[in-house]
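Morning, everyone. I have one structure to walk through today. Please have the viewer open while I talk.

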Amino acid sequence: MMNLEELMQKYQQLTTSPVNASLLSELGESVTPLMQTTSLRILLLRTTKDPKTVSIEVEVWLPNHKESRDETLDDSQDKPKKDNLSHTLSRLIELLQYLLRLHESGFTLDVIKHDCLWTASRSFSKPPSRKMFKLLLPP
């Protein structure tokens, strides 16, 4: 996982390079991943019209608990299933608390119900503070 310095350095590197017009989405935005884990990703969105304004979008989805679904219902397997589900729920709580902290710092929250995908987004006209990057580090 990326540390604070690496996150800030990668942000600086990505936002100082020109917006690649050939990679724009249908909305006219350049979407570049800043960080990705198994249950979240942080994206940078910029336009060619205003490349100095950077929108940061954090996407969070349910942690993968495939292992707990694939196990048999045999009593000997009961404990691993419960442990896995407990771990999944604990991770989900951490991620929701992370989203709450982002929301309290000015990010707009949204949920895409079909995919159970939560998003937090905020635009910056100048580079975010070190405190904001600390906040962006996933749990």
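Accessible areas here come from the Shrake-Rupley method with a 1.4 Å probe. On that basis, the accessible surface of the protein comes to about 9,100 Å². Carbon and sulfur atoms own 54% of that surface. Keep in mind that this is a predicted model.

Now the layout. The protein has four helices and five strands. Along the sequence, the pattern reads α-β-β-β-α-α-β-β-α. There are 139 residues, and 30% of them are buried. Next, contacts between residues at least 6 apart in sequence. Of those, 54% join residues at least 24 apart.

On to the strands. E2 and E3 run antiparallel, joined by six bridges. A hairpin of six residues connects E2 to E3.

Which residue in E5 is the bridge partner of Ser55? It is Ser123. Ser123 sits in strand E5. The side chains of Ser123 and Ser55 make a polar contact at 2.6 Å. Leaving out residues up to four places away in sequence, Ser123 touches Thr53, Val54 and Ser55. Is Ser123 buried, partly exposed or exposed? Its relative accessible area is 46%, so Ser123 falls in the partly exposed class, between the 20% and 50% cut-offs. One more distance for this residue. Ser123 and Leu44 are 79 residues apart in sequence, yet their C-alpha atoms are 9.5 Å apart in space.

Next, the core. The largest nonpolar core holds 24 residues. Ile42, Ile56, Val58, Tyr98, Leu102, Phe107 and Leu136 touch the most other members. Which elements give two or more residues to this core? Among the helices, H1 (4–16), H3 (78–104) and H4 (130–136) do. Among the strands, E1 (29–36), E2 (40–47), E3 (54–61) and E5 (117–124) do.

Leu136 is then in contact with Leu7, Ile42, Ile56, Val58, Tyr98, Leu102 and Phe107.

Now the aromatics. A pair of rings is described by the distance of the centres and the angle of the planes. The count comes to two aromatic pairs. I'll show one of them, Tyr11 with Phe133. Their ring centres are 5.1 Å apart. Why is the pair edge-to-face? The planes of Tyr11 and Phe133 stand at 75°, and over 60 degrees counts as edge-to-face, so the pair gets that label. Tyr11 belongs to helix H1 and Phe133 to helix H4, so the pair ties together parts that are 122 residues apart in sequence. Both Tyr11 and Phe133 are buried.

Last stop, Arg91. Arg91 is in helix H3. Is Arg91 buried or exposed? Its relative accessible area is 16%, under the 20% cut-off, so Arg91 counts as buried. What does its side chain reach at 3.2 Å? The side chain of Arg91 reaches the backbone oxygen of Pro139. Not counting residues up to four places away in sequence, Arg91 touches Ser39, Pro63 and Pro139.

That's my tour. Over to you.

Terms used: Residues are numbered from 1 along each chain as its sequence is written. This is a predicted model: local features need pLDDT of at least 70, side-chain atom pairs count only at pLDDT 80 or more; totals for chains, interfaces and linings use all residues. Side-chain values use heavy atoms; hydrogens and water are left out. A nonpolar core is a set of buried Ala, Val, Leu, Ile, Met, Phe, Trp, Tyr and Cys residues joined through side-chain atoms within 4.5 Å. Buried means under 20% relative accessible area, exposed over 50%, partly exposed in between (1.4 Å probe, protein chains only). Contact means heavy atoms within 4.5 Å. Rings of Phe, Tyr and Trp (its six-membered ring) pair if their centres lie within 6.5 Å; planes under 30 degrees apart count as stacked, over 60 as edge-to-face and the rest as tilted. A polar contact is a pair of N or O atoms within 3.5 Å; within protein, one must be able to donate a hydrogen and the other to accept it, and residues adjacent in sequence count only if both atoms are side-chain atoms. Two strands pair if DSSP finds at least two bridges between them.
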